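The sequence and structure are shown first.

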Amino acid sequence: RVKQEGRGHHAFFTAELQARLMRAQLLSNALRQALANDELELHYQPQLNVEEGRLVGTEALLRWRHPVLGNIAPTEFIPVAESTGQIVEIGAWVLRTAITQMSRWLAAGYPAEMRMAVNLSMAQFRVPGLFELVCESLTESGLPANCLELELTESLTTPDSVSVGREMQRLAERGVHLAIDDFGTGYSSLGYLKHLPVHRLKIDRSFVRDLHNDASDQRIVQAILGIADGLGLKTMAEGIETQEQLALLRRLGCQEVQGYLFSRPLPADQFEAWVRSTDWLPAHRHAENS
Ligand code: C2E
Ligand code: MG
Ligand code: MG
Ligand code: MG
């Protein structure tokens, strides 16, 4: 009997695994046409300075709408694209598109110190040419390097390879900013912060969610802010949804924030409309009028 149950269990997991593999295969096939068919789009989410309410940046977030499968979440298709290597071509498109968009916004009078934040996958570091791609895109668009910030997750930065560190070093020397995304959720040691040219820590939204009634989360956020302060790094918190969270983060000394409280990620034209009409950016609107 026990043996039978065991077998049933095994069959269940096998079926589930098989379904997952088939879904991944389906997405990977569909993804092959996505760029050519214009199914990918970048949405942009504003990033604000806590003290003055300035627009300090925007994060480019990838969206995929398939004609039959509909909207597919990046948390679902990006891991697939990473495992097949398709993320290299898609990531190159993301970089070029985001950089071009930011150069247009700068030309249109957006704050000169504003940054475009772009998420990178480890796979993009494993093939040669990332540094050249970034430099080319910057030169072609005329975007200053310090208006580009590359977001890397912690697991990505586990320096399994010296070459990743070297590529990051070259990018930093070119003037590009580097942020550690989802900070505090990875499993890697903190040692890499000493060796890598990091500018900013992005506090993961899992620590922000219950910040107002979870003392442990408050201490974790405080500790992250302390690490950043000690190492001379800037800080940003993601996933701010409430005024309470914002007030607490301000009190704790977090410098920059991003979250649904201000805006969801928006298509470029809607992002522009948000900048024109939001009450969150008194400093920016003042600069625009003067
Ligand atoms: P991430 O880089 O940590 O991006 C932040 C995620 O949190 C985004 O999810 C954003 O929509 C969401 N978010 C922002 N504010 C809030 C909030 O107040 N509440 C909640 N609940 N969520 C909020 P999204 O767009 O689904 O992206 C998920 C992840 O997919 C990203 O996490 C990033 O790791 C990855 N990703 C997205 N675009 C790209 C890309 O172009 N390249 C790569 N390699 N990865 C990407
Ligand atoms: Mg990110
Ligand atoms: Mg993040
Ligand atoms: Mg995150």
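## Helix packing and ligand contacts

The axes of helix H5 (residues 130-141) and helix H6 (residues 162-173) come within 10 Å of each other and cross at roughly 20°. H5 is therefore roughly parallel to H6, a label given to angles under 35 degrees, with over 145 counting as roughly antiparallel, 65 to 115 as roughly perpendicular and the rest as oblique. Axes are lines fitted to C-alpha atoms, for helices over the stretch in contact, and angles run from 0 to 180 degrees between N-to-C directions. Helices (H or I, at least four residues) are DSSP runs numbered from the N terminus.

This is a predicted model in which local features need pLDDT of at least 70 and side-chain atom pairs count only at pLDDT 80 or more, while totals for chains, interfaces and linings use all residues. Residues are numbered from 1 along each chain as its sequence is written, chains are lettered from A and ligands numbered from 1 in the order in which they are written, and side-chain values use heavy atoms, with hydrogens and water left out.

The crossing of H5 and H6 is right-handed, meaning that the near helix is turned clockwise from the far one by less than a right angle. On the H5 side, Leu 130, Phe 131, Glu 132 and Val 134 meet Glu 167, Arg 170 and Leu 171 of H6, where contact means heavy atoms within 4.5 Å. By class, these residues are four nonpolar, no polar and three charged.

For helix H9 (residues 215-231) and helix H10 (residues 243-252), the axes come within 10 Å and cross at roughly 45°. H9 is therefore oblique to H10. Gln 218, Val 221, Gln 222 and Leu 225 of H9 make the contact with Leu 248, Leu 249 and Leu 252 of H10. Five nonpolar, two polar and no charged residues form it.

Ligand 1 is surrounded by 23 residues, each with a heavy atom within 4 Å of it. The closest are Ser 121, Asp 181, Arg 205, Glu 241 and Tyr 260. The table lists polar contacts (pairs of N or O atoms within 3.5 Å).

| Residue (polar side-chain atom) | Ligand 1 atom | Distance |
|---|---|---|
| Asn 119 | oxygen | 2.9 Å |
| Ser 121 | nitrogen | 2.8 Å |
| Arg 205 | oxygen | 2.7 Å |

Conventions
Helices (H or I, at least four residues) and strands (E, at least two) are DSSP runs, numbered from the N terminus. Ala, Val, Leu, Ile, Met, Phe, Trp, Tyr, Cys and Pro count as nonpolar, Asp, Glu, Lys and Arg as charged, and the others, Gly among them, as polar. A polar contact is a pair of N or O atoms within 3.5 Å; within protein, one must be able to donate a hydrogen and the other to accept it, and residues adjacent in sequence count only if both atoms are side-chain atoms.
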